[in-house]
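Hello,

Here is the structure we talked about handing over. Please have it open while you read the notes that follow it.

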Amino acid sequence: MATTTGFRSESKSSPSDLHATNLHSSNPRNSDELSLQKGDLLDLESVDPVLNAKMHLVNNAIDEIGFTGYQAKLFVLNGFGYAVDSQILLVQSIIATNARWEFHPSFANGLTIAVYVGMLLGAIFWGFGADIIGRKYAFNMSLFISAVFCIVAGAAPNWIALAAFVALAAFGAGGNLVLDTAVFLEYLPSRHQWLVTLMAAWWGLGQLVAGLFAWAFLPNFSCPGDPIGTAAEPGTGIPCNWSNNKGWRYVWFANGALVLAMSIARLTVIRLKETPKFLVGEGKDEEVVATLQWIATKYNRPCSLTVEDMAACGTTVTGNDRRRGSVTAHAKSRFSFGEIGMHLKGLFATRKMALSTCLIWASWLLIGLAYPLYNVFLPTYIATRGAALGGLSTSDTWRNYAISNLASIPSPILAGYMCKSRFFWGRRGTMIIGAILTMAFFFAYTQVRSNAQNLGFTCAIGFCLNIYYGTLYAYTPEVLPSAHRGTGNGVSIGLNRVMGIVSAGVAAGANTATPVPIFICAALYIVMAAIAAAFPYEPMGRRSS
């Protein structure tokens, strides 16, 4: 049975009161400013008062240090992960048609399933790994893995090999959305937590890069079309091979080279130290203090946190068996099913936390279904309603594609300012507005009848959708407990990838000319807005745990 010893066990004060007192004794100037004006989001939900008290001290220290060049570098380097995730997803969809012309696969949607399977496994593997072995390993390794298999995918000799390499590249990239937000958030001062929402602009930048690669290579290095054709559209009769269909391979090579440069930058621009909040859960108080003092010294900032302050919070003991860190953060054995179960259980420690976790996972499940289905069904639907689309040159098609992706970059910037404003009801209100606007343009898009309208509404939907998406990406790690943040985030994004696999199966067998799926997708956005309104936590003005 877990018992608590030390300073904390003798006091009935809340963690906030306790550490306002501790900090006041060593630094009166910062006591009121740091400890009393800001509350920790999960302070009242804690089932481990010692861990909660130490986390409060760490938050105080991070706020005392403030925003430095270290966080600025993390914004860029973690943003690379956002960009790569979107690049992998879009590149496989962009090159799929040209690769099919060359390989003539029996299952045309194989690449879509491959990329989502890779993303799913990556999210789960790196997510659980982040809570078990730490954040910095995935930060240092994931982009390099993705870069290697992006480059290899460009040399794929057949469809099955291409799908395998795409899945492996996606596996490397799939952990980035799990880790990037967690690493960045766990170093951020509380008044700058809104920057996690802003980081979603990198997702749009990744989409833009993918579109630019397509525009650069596919119009000039692709075969004339499907050599075999269908009953509705005769084939060209010209075989597609490496000599006349290099464009899709160049897209992979260029993407892989860029990701490789990003992975090298992660290792050279900054030597990431393990996040203090992960180290708190590990019980490594000395490393926590050393890391924060190192940042404070490097950037000439104050930091009054000491090892004695951390020790004064107490220790957690299970009978006669001392384990690493908190008994609520880790099992006795690091690599065990018990450890995995501990992290899953920690997401449901209280009723309020359980409700929050379920609603977050439901949101990721719904957006994972609604957005891919929109891409699958809408083009065919509007074509069957007489839309005068087409007639564009290959260059103009990919130009418009790049423009529509460019429109998704500014929306996280707007969302970042909205989510820190009480006028928009913080994060929850921002997600509600984003979902409702997306739904409205979604319905309007069914009336598209020209290429100009198609481009305009595509840009509007991309802009509004990223208001919701970007905020949800930031909100998820903010409301999860630090010790289980990687697990909760990994399962969230994993559910999103599962729905991507489902959408590929639906696309293969469903009637894409009926309006029913369009209205179902629009209704899903209404449900997502309602779920956002029901979220029990609002991070605005509070500090993440």
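**What was found**

His-104 lies in the loop between helices H5 and H6, the latter covering residues 110-132. Please keep in mind that this is a predicted model. The backbone at His-104 has a positive phi of about 50°, although the residue is not a glycine. His-104 counts as partly exposed because its relative accessibility is 39%, and partly exposed covers the range between under 20% (buried) and over 50% (exposed).

A second residue can be described in the same terms. Asn-300 is found in the loop between helix H14 (285-298) and helix H15 (307-311). Its phi is near 55°, again a positive value in a residue other than glycine. Asn-300 has a relative accessible area of 71%, so it is exposed.

Next come the aromatic rings. The structure holds 24 aromatic pairs. One of them joins Phe-103 and Trp-248: the ring centres are 5.8 Å apart and the planes stand at 75°, so this pair is edge-to-face, since planes over 60 degrees apart are given that name. Phe-103 lies in helix H5 (residues 69-103) and Trp-248 in helix H12 (residues 247-268), so the pair ties together parts that are 145 residues apart in sequence. Are these two residues buried or exposed? Phe-103 has a relative accessible area of 16% and is therefore buried. Trp-248 is at 0% relative accessibility, so it counts as buried.

Phe-423 and Phe-424 make another pair, with ring centres 5.1 Å apart and planes at 90°, so this pair is edge-to-face. Phe-423 is exposed because its relative accessible area is 73%, while Phe-424, at 28% relative accessibility, counts as partly exposed.

Some rings also group together. Tyr-82, Trp-203, Trp-364, Tyr-469 and Tyr-473 form one aromatic cluster.

Two lysines are placed over rings. The charged end of Lys-136 sits over the ring of Tyr-137, 5.7 Å from its centre. Lys-273 lies over the face of Trp-294, and here the distance to the ring centre is 4.8 Å.

Now to how the helices pack. Helix H7 covers residues 135-153, and its axis comes within 7 Å of the axis of H12, crossing at roughly 160°. H7 passes H12 in a left-handed crossing. Residues of H7 that take part in the contact include Phe-139, Leu-143, Phe-144 and Ile-151. On the H12 side, Trp-248 is among the residues that meet H7, along with others including Trp-252, Phe-253 and Leu-260. Trp-248 is also the residue whose ring pairs with Phe-103.

H7 has a further contact, with helix H8 (residues 159-174): the axes come within 7 Å and cross at roughly 160°. H7 and H8 are therefore roughly antiparallel to each other. The crossing of H7 past H8 is left-handed. In H7, the residues that meet H8 include Ile-145, Phe-149 and Val-152.

Regards

Definitions and conventions: Residues are numbered from 1 along each chain as its sequence is written. This is a predicted model: local features need pLDDT of at least 70, side-chain atom pairs count only at pLDDT 80 or more; totals for chains, interfaces and linings use all residues. Side-chain values use heavy atoms; hydrogens and water are left out. Rings of Phe, Tyr and Trp (its six-membered ring) pair if their centres lie within 6.5 Å; planes under 30 degrees apart count as stacked, over 60 as edge-to-face and the rest as tilted. Helices (H or I, at least four residues) and strands (E, at least two) are DSSP runs, numbered from the N terminus. Buried means under 20% relative accessible area, exposed over 50%, partly exposed in between (1.4 Å probe, protein chains only). A charge sits over a ring if NZ of Lys or CZ of Arg is within 6 Å of the ring centre and within 35 degrees of the ring normal. Axes are lines fitted to C-alpha atoms, for helices over the stretch in contact, and angles run from 0 to 180 degrees between N-to-C directions. A crossing is left-handed if the near helix is turned anticlockwise from the far one by less than a right angle, and right-handed if clockwise. Contact means heavy atoms within 4.5 Å. Angles under 35 degrees count as roughly parallel, over 145 as roughly antiparallel, 65 to 115 as roughly perpendicular and the rest as oblique.
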